[in-house]
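Biologist: Could you take me slowly through the part of this model where aromatic rings meet, and then show me what surrounds it in the rest of the fold?

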Amino acid sequence: MLLIVTYSQAARQTLRNVCSSHEGTVVRRFGRAALFEATELGALLALRLREKHGGDVQVERTEPFNEFADAPDAVREAAAAYENRDATSTPYAKFVAGTDHPSPERLREREL
């Protein structure tokens, strides 16, 4: 998919118009941003916005996140354990102290 983010009022208005005119290409709208299908029409619409508004429009390509292929088992297990903790007010760093779950520092250092 293509993520389009707008940074000016004029660009947002054009994005709204494009989304209204090409609903079949728009996967989702988020106010000042939208996801377009990764088709040539999606690229044309995104590039048209860039051409008209320059740096006020950011276009990025996104990839779906497959939790089983992209995240290590330890991260998935830590997320499940943390969501099932007894006290919901316990911060993650305190929750993992003395356990085998990865620390926040370790999680920050490692890329997926």
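Modeller: A search of the whole structure finds two aromatic pairs, where rings of Phe, Tyr and Trp (its six-membered ring) count as a pair if their centres lie within 6.5 Å, and planes under 30 degrees apart are called stacked, over 60 edge-to-face and the rest tilted. This is a predicted model, in which local features need pLDDT of at least 70 and side-chain atom pairs count only at pLDDT 80 or more, while totals for chains, interfaces and linings use all residues. Residues are numbered from 1 along each chain as its sequence is written, and side-chain values use heavy atoms, with hydrogens and water left out.

Now to the rest of the fold. An open sheet of four strands has the order 2-3-1-4 with antiparallel pairing, and two strands are said to pair if DSSP finds at least two bridges between them. Strand 2 and strand 4 (57–61) stand at the edges, each with a single partner strand, so one side of each is left without a neighbour in the sheet. Strand 2 (residues 26–29) is joined to strand 3 (residues 33–36) by three bridges, and Arg-29 has Ala-34 as its bridge partner in strand 3. Between these two strands lie three residues, and in this hairpin Gly-31 takes a positive phi near 75°. Strand 1 and strand 4 are paired over five bridges, and here Val-5 has Gln-58 of strand 4 as its bridge partner.

The largest nonpolar core has 13 residues, and those with the most contacts inside it are Ile-4, Leu-15, Cys-19, Phe-36 and Leu-49; such a core is a set of buried Ala, Val, Leu, Ile, Met, Phe, Trp, Tyr and Cys residues joined through side-chain atoms within 4.5 Å. Strand 1 (2–6), helix 1 (9–21), strand 3 and helix 2 (40–53) are the elements that give two or more residues to this core, and the largest share, four residues, comes from helix 1. Leaving aside neighbours within four places in sequence, Leu-15 is in contact (heavy atoms within 4.5 Å) with residues including Ile-4, Gly-31, Phe-36 and Leu-49. Val-57, which lies in strand 4, counts as buried at 1% relative accessibility, and, with the neighbours within four places in sequence again left aside, its contacts include Ile-4, Val-5 and Leu-49.

Notes. Buried means under 20% relative accessible area, exposed over 50%, partly exposed in between (1.4 Å probe, protein chains only).
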